[in-house]
Amino acid sequence: MKRFVALLALVAIANAASVAQPDSHSISSTVVDVIESMKEQMPCGFPGMGIPPIAPLRINHKDIDINTDALKMKGSIDHFRLNGLNDFDIDEMKINAITSKVTYMFTFRDVNVDTTYDLEMLLKKFGFTINLIGAGHAKFAIKDMVIWGTMKYSLGMLSGKLKLKSLEVRTHLGEVDSEIEGLLGDGSVNEKMNEYLAEVVETVINENEDLIAETIENVALPVVNEILDDVSITDVIGGGDGEGGEKEVCIPPELDW
C-alpha cells in the first residue's frame with residue numbers, strides 16, 4: 001500500500017512547489033515532473049520509506065493462505081516477479097488547488113507476472129465461480145490497462161500532511177493473456193482453462209466498473225489516510241531518505257532471476 005501512497009503524496013509536493021515557484025510550473029505539471037522522476041527511481045525503490053525496488057517487484061517465496069467469502073486460496077509462490085509498473089503514460093493530470101481536486105488518467109502498457117506456483121483456489125464473485133488446482137510455471141499479462149478517476153484532498157498548511165477526502169479509481173483492461181501451466185492438467189484442457197481465466201478476468205473488471213470503484217474507495221481510503229500520516233513532503237522529495245541535497249541517480253541492481 002505504501003507504494004500507492006507515495007504517488008498520492010505528490011499532491012502535497014506540488015502545492016509546496018507552486019508556492020515556492022509560482023511562475024515556473026503549474027501544480028499539475030509539477031506533479032507530472034515528480035511522477036516521471038519517481039518512475040526512474042522505481043527500479044531502485046525508496047529505502048527511506050520502506051519501499052523496495054518495484055520495477056520489477058520480486059518475491060523469492062511466499063506462502064498463500066486466504067479465506068474469505070469471495071476468495072479461498074492456499075499454497076505458495078516462488079520467484080514471483082511483477083513487471084511493468086514503471087511502463088506507463090500519464091494521459092491526464094489536472095489539479096485544481098481551489099477545489100482541492102485531482103483528475104488523473106494513466107495507461108500501463110504491459111503489467112505482467114512471471115512465477116512458479118502451487119495453489120488451490122476457489123473464486124466466487126460477480127456471478128462467476130472458478131475452482132482451480134494447479135502447480136507449475138505461470139505467466140499472466142494485462143496489456144493497455146487504463147486507470148483513471150478523481151480524488152479530493154485537504155492539505156495542512158502547518159503540518160504539511162495530506163489527507164484524502166474521496167478516492168475514485170476506475171479501471172479498464174485492454175487485453176488479458178494467461179499462460180499458466182498445470183491448470184487442471186496439461187494440453188488442450190490447460191489451454192482452454194487459460195482462455196477461460198483470461199476472459200473471466202477481463203469481463204469481471206470491465207463490466208463491474210462502478211462496483212469495483214466503490215469497493216476500492218471503501219477499503220482503501222481509511223488505509224491510505226492512515227499511511228499518509230507518516231509520509232512527509234521531505235520524504236518523497238528526497239526519494240524517501242528524509243534528507244536534503246542532490247538526489248542520487250538510480251542504478252538498477254543486477255537481477256539473478
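A residue is called buried when its relative accessible area is under 20%, exposed when over 50%, and partly exposed in between, as computed with a 1.4 Å probe on protein chains only. The structure is a predicted model, in which local features need pLDDT of at least 70 and side-chain atom pairs count only at pLDDT 80 or more, while totals for chains, interfaces and linings use all residues. Residues are numbered from 1 along each chain as its sequence is written, and side-chain values use heavy atoms, with hydrogens and water left out. Helices (H or I, at least four residues) and strands (E, at least two) are DSSP runs numbered from the N terminus.

**Helix H5**

- Helix H5 covers residues 209–228 and has a kink of about 40° at alanine 220, shortly before proline 222. The bend at a residue is the angle between axes fitted to the seven residues ending there and the seven starting there.
- The buried residues of H5 are Ile212, Ala213, Ala220, Leu221, Val224, Asn225, Ile227 and Leu228.

**Asparagine 194 in helix H4**

- Asparagine 194 belongs to helix H4, residues 187–206, and is buried at 5% relative accessibility.
- Its side chain makes a polar contact of 2.6 Å with that of serine 178. A polar contact is a pair of N or O atoms within 3.5 Å; within protein, one must be able to donate a hydrogen and the other to accept it, and residues adjacent in sequence count only if both atoms are side-chain atoms.
- With neighbours within four places in sequence set aside, asparagine 194 is in contact (heavy atoms within 4.5 Å) with Ser178, Glu179, Ile180 and Leu183.

**Salt bridges**

- The whole structure contains 11 salt bridges, each defined as a side-chain nitrogen of Lys or Arg within 4 Å of a carboxyl oxygen of Asp or Glu.
- Aspartate 89 and arginine 109 form one of them, at 2.4 Å from N to O. Aspartate 89 is in strand E3 (residues 88–96) and arginine 109 in strand E4 (residues 101–125), so the bridge ties together parts that are 20 residues apart in sequence. Aspartate 89 is partly exposed at 31%, and arginine 109 is partly exposed at 36%.
- Lysine 143 and aspartate 177 form a salt bridge of 3.2 Å, N to O. This pair links distant parts of the chain, 34 residues apart, with lysine 143 in strand E5 (residues 128–155) and aspartate 177 in strand E7 (residues 175–180). Lysine 143 has a relative accessibility of 27% and aspartate 177 one of 24%.
- Aspartate 210 and arginine 170 form a salt bridge in which the closest N and O atoms are 2.7 Å apart. The pair joins helix H5 to strand E6 (residues 162–172) across 40 residues, with aspartate 210 in the helix and arginine 170 in the strand. Aspartate 210 is exposed at 55%, whereas arginine 170 is buried at 16%. Salt bridges that share partners join Glu168, Arg170, Glu209 and Asp210 into one network.

**Backbone geometry**

- Most residues other than glycine have a negative phi, and most peptide bonds are trans.
- The peptide bond from alanine 55 to proline 56 is cis, with omega near 5°. Proline 56 is in the loop between helix H3 (27–41) and strand E1 (57–67).
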